[in-house]
Structure formats: structure tokens, C-alpha cells
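Please open the structure in your viewer and keep the selection tool at hand. The stops below are meant to be taken in order.

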Amino acid sequence: GDVKRDKYGRITEDTRQYAPNDVKVSYQAYEQALNAEGWEHGMKDQSFVKLREVSIGYNLPKSWLGKMGIKSASISLTAQNVLMWTNFPFSDPDVGDENINAPSMRMAGVNIKVGL
């Protein structure tokens, strides 16, 4: 078959015939192979909303600490990369790389601070 394009590069006629794809490939491998060849097949909407970090803490009352000889103490829970809303779920658009990348890892932790 043959493909015909107008002066803007848009396809006006396409008589090519293709065999069905019987090789399974992950989306990430597909995108990386296309980008490695320098083939741009369209724009990706990389608009997103991301909750990068959440932290909540509690200062222990001084009445609890006086008996132990501690001046101050606090405990807090923290989490990073908690939520992300995007139409491009296979990658983290916050990274800013033109090639596809893995989503950000979520992390959670506990902080304990003691002042003597």
C-alpha cells in the first residue's frame, strides 16, 4: 500500500495493510523504543496535581516528660508522593524528562525528636 500526505504532513489517504500484532510489549518499553528512534507520535498532556508531602506531629505534654528528665519530645508521621492525579498514569510528569520514566515511589516514616 501507499500513504499520501498533504502539504502540512497530514495523512489524506492510506492504503497500507498491516499484520496483527502478536507480540506483547509493555507501554514503557513501547514508548522508550519510539523515543530512542527519535519518532514523535504526538503530544502528551503532562498537566497534573500532586500531593508531594504530608506530615502530622504531636508535642508530648511537659507534664509527662518532667519525670524522665526530658525537656521536650515530639512524634510525627510523614509521607511523600502521597497522591497524583494525571491523564498520563505511566510516568511522573514532575520529573520533567522527555522519555518515559517510572512513577515516583511513595514513602512513609516516623520522626521522634527528644530534647534533653
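This is a predicted model: local features need pLDDT of at least 70, side-chain atom pairs count only at pLDDT 80 or more; totals for chains, interfaces and linings use all residues.

Residues are numbered from 1 along each chain as its sequence is written, and side-chain values use heavy atoms, with hydrogens and water left out.

Begin by selecting the open sheet, where 3 strands lie in the order β3-β4-β5 with antiparallel pairing. Strands here are DSSP runs of E with at least two residues, numbered from the N terminus, and two of them pair if DSSP finds at least two bridges between them. The edge strands are β3 (48–59) and β5 (107–115), each of which pairs on one side only.

Next, select β4, residues 72–86, which holds S74. β4 and β5 are joined in the antiparallel sense over 9 bridges, and S72 has G115 in β5 as its bridge partner.

Is S74 buried or exposed? S74 has a relative accessible area of 19% and is therefore buried, a word that means under 20%, with exposed meaning over 50% and partly exposed in between (1.4 Å probe, protein chains only). Leaving aside residues up to four places away in sequence, S74 touches Y58, N59, L60, N111, I112 and K113, where contact means heavy atoms within 4.5 Å.

Finally, select I112, which sits in strand β5 and counts as exposed because its relative accessibility is 63%.

How values were computed: Helices (H or I, at least four residues) and strands (E, at least two) are DSSP runs, numbered from the N terminus.
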